[in-house]
Amino acid sequence: MNRTDLLAAICLVFVLEGLFPLLAPRAWKRALARLLDTPENALRIGGGMMILTGLVALQLLRVS
């Protein structure tokens, strides 16, 4: 992976993160409000699972 690939991946994160508030701003706000009520431990577990899933998917892409 070179520097250009890393920058492209970061740009795609911005695009994906921007889709939800653009297409469904009311639902996005409700989801964020629910996050405030979610226990920190549950957020940590969810974040860890997202990282693990992303790393596994990346590894699968690199192997194929």
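Patches, as the word is used here, are made of residues with over 30% relative accessible area and no salt bridge, where like charges are joined within 9 Å and nonpolar side chains (Val, Leu, Ile, Met, Phe, Trp, Tyr) within 5 Å. The accessible areas behind them come from the Shrake-Rupley method with a 1.4 Å probe, and for residues only the protein chains shown count as cover.

The model is a predicted one, in which local features need pLDDT of at least 70 and side-chain atom pairs count only at pLDDT 80 or more, while totals for chains, interfaces and linings use all residues. Residues are numbered from 1 along each chain as its sequence is written, and side-chain values use heavy atoms, with hydrogens and water left out.

The chain holds three helices and zero strands, where helices (H or I, at least four residues) and strands (E, at least two) are DSSP runs numbered from the N terminus. Read from the N terminus on, the elements run α-α-α. The radius of gyration, taken over C-alpha atoms, is compared with a globule rule of 2.2 Å times the number of residues to the power 0.38. For this chain the radius of gyration is 15 Å, well over the 11 Å that the rule gives for 64 residues, so the chain is more spread out than a compact globule. Along its principal axes the C-alpha trace spans about 40 × 30 × 20 Å.

Buried residues make up 0% of the 64 residues in the chain, with buried meaning under 20% relative accessible area, exposed over 50%, and partly exposed in between (1.4 Å probe, protein chains only). The chain exposes about 6,100 Å², of which carbon and sulfur atoms supply 72%.

Part of that surface is a nonpolar patch of about 1,000 Å², made by Val15, Leu16, Leu19, Phe20, Leu22, Leu23, Trp28, Leu32, Leu35 and Leu43. The elements that give two or more residues to this patch are helix 1 (3-23) and helix 2 (25-37), and the largest share, six residues, comes from helix 1. Leu23 lies in helix 1 and, at 67% relative accessibility, counts as exposed. Phe14 is also found in helix 1, and its relative accessibility of 62% means that Phe14 counts as exposed. The C-alpha atoms of Phe14 and Gly48, which are 34 residues apart along the chain, are separated by 20 Å.

Turning to charge, Lys and Arg count as positive and Asp and Glu as negative, whereas His and the chain ends are not counted; the place of a charge is taken as NZ of Lys, CZ of Arg, CG of Asp or CD of Glu. The chain has 7 positive and 4 negative side chains, and the centres of the two sets lie 6 Å apart. Arg26, Lys29, Arg30 and Arg34 gather in a patch of positive charge on the surface. Arg34 lies in helix 2 and is exposed, with a relative accessible area of 56%.

Side chains of opposite charge can pair when their charged atoms come close. The structure holds one salt bridge, a term that requires a side-chain nitrogen of Lys or Arg within 4 Å of a carboxyl oxygen of Asp or Glu. Arg44 forms this salt bridge with Glu40, the closest N and O atoms being 3.8 Å apart. Both residues lie in helix 3 (residues 40-63), four residues apart, about one turn of the helix. Arg44 counts as exposed at 58% relative accessibility, and Glu40 is exposed with a relative accessible area of 57%.
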